[in-house]
Amino acid sequence: MLAAVLVCGLLGCNREGTSGAPGSGTGTATGSAGLLAAPTAVASVVKGPVEVVTLPDVFIAEVGSTTLHVAWKIPAGTGINDEAPFHVRWTTSVGLAEVPPEAKSKGADVRAGFDITVAPLAGEPAAHLGGTLNVVVCDSETHKVCLPVQRRIEVTFSVQKGGKQKVFAEVPLPAARPQG
């Protein structure tokens, strides 16, 4: 029990909705509700290989900057924990004018995803960005199980003359509870 309380404290769980009442957040584009309730059970944190999510062939403008909106692909019954921390840190960059800044916030700020603004180096036909993403998903039906998720994000950019200023991609996240 002490371990669950410590993990809950580290994940930013909110003790207000322990009655099982749904969170007060609005849904995301995927229909996941924002979560405010503290879980009564926290999935164990397993140290092991980090899953890599590759976003290939994201087309960006040759001149100026392009904003990539990264949305979540979340299974039904799972949502982003509003009170838990969100963090993304870019660790590798090739062919970009600068590395996007590190982002830290709470889940409520990234319920519908997050944005990355990039600009290619002049004359580069392609670019690459890699980093680590941390977010917490919770069971949106019972509010009893939360799961910290870490992903290595690898993005390959293709530079295009007249490319779009806003592009979209999805990062899949796991279900907070096993389905079935």
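A: Strand 7 contributes the most residues to the lining of the second largest pocket, namely 5. Strands here are DSSP runs of E, at least two residues long, numbered from the N terminus. The model is predicted, so local features need pLDDT of at least 70 and side-chain atom pairs pLDDT 80 or more, while totals for chains, interfaces and linings use all residues. Residues are numbered from 1 along each chain as its sequence is written, and side-chain values use heavy atoms, without hydrogens or water.

A pocket is an open set of points on a 1 Å grid over the protein atoms alone, with protein on both sides within 12 Å along at least five of seven lines; its lining residues have an atom within 4 Å of a point. Strand 5 (85-94), like strand 7, supplies at least two residues of this lining. The lining has 16 residues, and Pro100, Pro101, Asp115, Ile116 and Thr117 lie nearest the pocket centre. By class, 12 are nonpolar, 2 polar and 2 charged (nonpolar: Ala, Val, Leu, Ile, Met, Phe, Trp, Tyr, Cys and Pro; charged: Asp, Glu, Lys and Arg; polar: the others, Gly among them). The volume is about 200 Å³, taken as the space filled by probe spheres set on grid points joined across faces, edges and corners.

Strand 3 (residues 66-73) runs parallel to strand 10, joined by 7 bridges, and lysine 73 stands opposite proline 172 in strand 10.

Terms used: Pairing = 2+ DSSP bridges. Helix = DSSP H or I, 4+ residues; strand = E, 2+ residues; numbered from the N terminus. 1 Å grid on protein atoms, 1.4 Å probe; cavity = no way out; pocket = protein on both sides within 12 Å on 5 of 7 lines; lining within 4 Å.
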